[in-house]
Amino acid sequence: MPTTILDCSDIDQYLGKPITSSRIREPISNNDIRRWAHAMHYPNLLHYDPTYAEESRYARLVSMQSFPCAVDDGMGVAPACVGRVPDSHLLFGGEEWWFEERRVSGGDWIFNERVPFDYVVKETKLAGPTCFQRGDNFYTNQHGQLLAKQRSTAIRYNAAAGAANVDKSQFDEPEWTDPELDALEERKLGWIRMLRELGHQERCWDDVNVGDQLPERVFGPHSVASFTTEWRAWIINTWGAVTCRKLDLAALGYTPEMAGYENDPDMLLANPELTDGAYYGPSRGHLFPKYARRIGMPRAYGYGGAMGAWVIDYMSGWAGEHGMVVHSVANFRGPALSGDVTVQTAEVVAKSLDDKGRHLVQVKHLMQTHKGTTMATGTAEIALPARPA
């Protein structure tokens, strides 16, 4: 196979300069929040049951911490995808979050200001020379208050090189027997029981010890249907819900079958079906194995933006409504493939008091498939209430 050349020089002119953003046309609704919880497989009553939420510290239904990403037109990766990289494709490589203690509820607005940050080119098994590009998202509310900052990493690589290295042994989905699926459902209940038992109580910093293991979270098997449910939870994927920015995907270097008119504002007026990335354009590989294999994925696969939400929701759910994730790092190592099951675990590795007086626990988290293949690794700091001295 000839040596792959990856020309990333066009990126330089965009670094440090804000890029345009798409804007939601109506304020956030409770159903936007519910839809996100549903799509992210996050059965926390605080985010979809108004009776339960009214008895909480918030006295209303509120969003989960991962929700700001739902308003973005690129799942948070847009500022990490600027500049032309010829004949390339993009995968979500990971993200870092910094959170403020503000939640979103029905009637609020979320805005996103985006700034490309940096990039570096490294050799990878996926496609040889590969660009790891980063960009920042600043999510604010209608009062101009910062909700969260997200630094996303995009992996940009030669599409043909990725296709040449696709793992053909992974083309077929695993088959699950009925008893195996029943056992999976029982494992899933362990996480749900933890949420229900904690309820509106505080998880106190004093009661958490270094070496404690967070309860495992299990969901799946993933499928084209579950990936589609995730896709539909991004507000922009409902026709007319967002004032879309104009974006030339071919000019960014996407190959012809992966460029198309995803979220194109002019095509939305002419033929909106062509703007749906689930069927056409750079996102079609998530649902169609034919196109997944053209960019190096063996079969239908999940969204990096969803994986990032799974990480945050996992730790936020454990912290409870009186705690919060203040900082999170997630490095994505492999996708959620159709037919696979995702298992999340974490360990408390330190406790501290920060310069703001917050009582923090540090955790190392791990996301794996049911076979033990690593999907994501990372760390997080979680603020928990402490007992009065």
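## The second largest cavity

The lining of the second largest cavity consists of seven nonpolar residues, six polar ones and one charged one (Ala, Val, Leu, Ile, Met, Phe, Trp, Tyr, Cys and Pro count as nonpolar, Asp, Glu, Lys and Arg as charged, and the others, Gly among them, as polar). This cavity has a volume of about 100 Å³ (the space filled by probe spheres set on grid points joined across faces, edges and corners). It is lined by 14 residues, and I236, N237, W239, N263 and T275 are the closest to its centre.

The model is predicted, so that local features need pLDDT of at least 70 and side-chain atom pairs count only at pLDDT 80 or more, while totals for chains, interfaces and linings use all residues. Residues are numbered from 1 along each chain as its sequence is written, and side-chain values use heavy atoms, with hydrogens and water left out.

## The largest cavity

On a 1 Å grid over the protein atoms alone, a cavity is a set of points where a 1.4 Å probe fits but cannot get out, and lining residues have an atom within 4 Å of a point; the count comes to four cavities of 30 Å³ or more.

The largest cavity, with a volume of about 160 Å³, is lined by 15 residues, of which N44, G199, G317, G320 and E321 lie nearest its centre. Six of the lining residues are nonpolar, six polar and three charged. Both α4 (178-198) and α8 (304-319) supply at least two residues of this lining (helices are DSSP runs of H or I, at least four residues, numbered from the N terminus), and α4 gives the most, with three residues.

How values were computed: 1 Å grid on protein atoms, 1.4 Å probe; cavity = no way out; pocket = protein on both sides within 12 Å on 5 of 7 lines; lining within 4 Å.
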